[in-house]
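Hi everyone, thanks for making time today. Let me put the structure up, and then I'll walk you through a few spots.

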Amino acid sequence: MDLSNTALVNNAGSSPAGSVQASAQIFVLRKAMDIQAQGALELLNSVPPPPALASSGSLGTRLNVYA
């Protein structure tokens, strides 16, 4: 990662110390939330769809129970 091109480094010289620290914390928080959202989406996409009800016969046409 090239730190000379990041917005945080560019703003470090012109901003007070408190705002640079707050910007860094928000940047890290957003990155963590993006990674967490991506992981949650991958988990949701990995869940298989529930099996369909039977279309004929006397069993499995009204209630679908599976373990």
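Let's start with Ala52, which sits in the segment after helix H2 (17–46); helices here are DSSP runs of H or I with at least four residues, strands are E runs of at least two, and both are numbered from the N terminus. This is a predicted model, where local features need pLDDT of at least 70, and side-chain atom pairs count only at pLDDT 80 or more, while totals for chains, interfaces and linings use all residues. Residues are numbered from 1 along each chain as its sequence is written, and side-chain values use heavy atoms, with hydrogens and water left out.

Is Ala52 buried or exposed? Ala52 counts as exposed because its relative accessibility is 68%; with a 1.4 Å probe and protein chains only, exposed means over 50%, buried under 20%, and partly exposed in between.

Now to Leu63, also placed in the segment after H2. Leu63 is exposed, at 62% relative accessible area. From Ala52 to Leu63 is eleven residues in sequence and 10.0 Å in space, C-alpha to C-alpha. Leu63 and Leu53 are ten residues apart in sequence, with 7.2 Å between their C-alphas.

Stepping back, the protein has two helices and zero strands. Of its 67 residues, 0% count as buried.

Finally, confidence: pLDDT, the predictor's per-residue confidence from 0 to 100, averages 76 for the protein, and 66% of the residues score at least 70.
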